[in-house]
Amino acid sequence: MPTKPWSEIEKKMTPEQIARSDAKAEALRVGILINKLRQKNGLTQQNLADKLGVTQQAVSKMEWGEEIQLSTLQNVIAALGGNIVIHMPDEDISLPQFASE
């Protein structure tokens, strides 16, 4: 099956299709990040699911790029021992700090 360069395919896409494609790509990047952090912490999907109070299938969907709410992402990162930080030009703000202001 012949393949085309992405730039050629993108030229034929509507702005809405490009936006959906970009959103899916970002969701996949977040999923990959969750997967790498989970593995770095030596956790299985089931271990992380137990920490979050969700099913293993829910963790799998997150890792496969299902769109995730920011509050859910914050819970996942916290369960992995991290914190979400919003980087602004003049300062970095942690998500819990941002929410309390």
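The entries below go from confidence to one helix and then to the core.

**Confidence.** I am working with a predicted model, so I checked pLDDT before anything else. The chain has a mean pLDDT of 89, and 93% of its residues reach 70 or more. I then compared the elements: α3 has the highest mean pLDDT, 97, while helix α6 (residues 95–100) has the lowest, 57. A reminder to myself: where pLDDT is low, the predicted coordinates should not be read in detail.

**Helix α4.** Which residues of α4 are buried? In this helix, residues 56–63, I found Val-59, Ser-60, Met-62 and Glu-63. After α4 comes Gly-65, and I noted its positive phi, near 90 degrees.

**The core.** How many residues does the largest nonpolar core have? I read off 13. Those with the most contacts inside this core are Ile-34, Leu-48, Leu-73, Val-76 and Leu-80. The elements giving two or more residues to the core are α2, α3, α4 and α5. The largest share, 4 residues, comes from α5.

**Leu-48.** Leaving out residues up to four places away in sequence, Leu-48 touches Ile-34, Arg-38, Val-59, Val-76, Ala-79 and Leu-80. One of these, Val-59, is also among the buried residues of α4.

Conventions:
Residues numbered from 1 in each chain as written. Predicted model: local features only at pLDDT ≥ 70, side-chain atom pairs only at ≥ 80, totals over all residues. Heavy atoms only, no water. Buried < 20%, exposed > 50% of the residue type's maximum accessible area, 1.4 Å probe, protein only. Core = buried A, V, L, I, M, F, W, Y, C linked by side-chain atoms within 4.5 Å. Contact = heavy atoms within 4.5 Å. pLDDT = per-residue confidence, 0-100.
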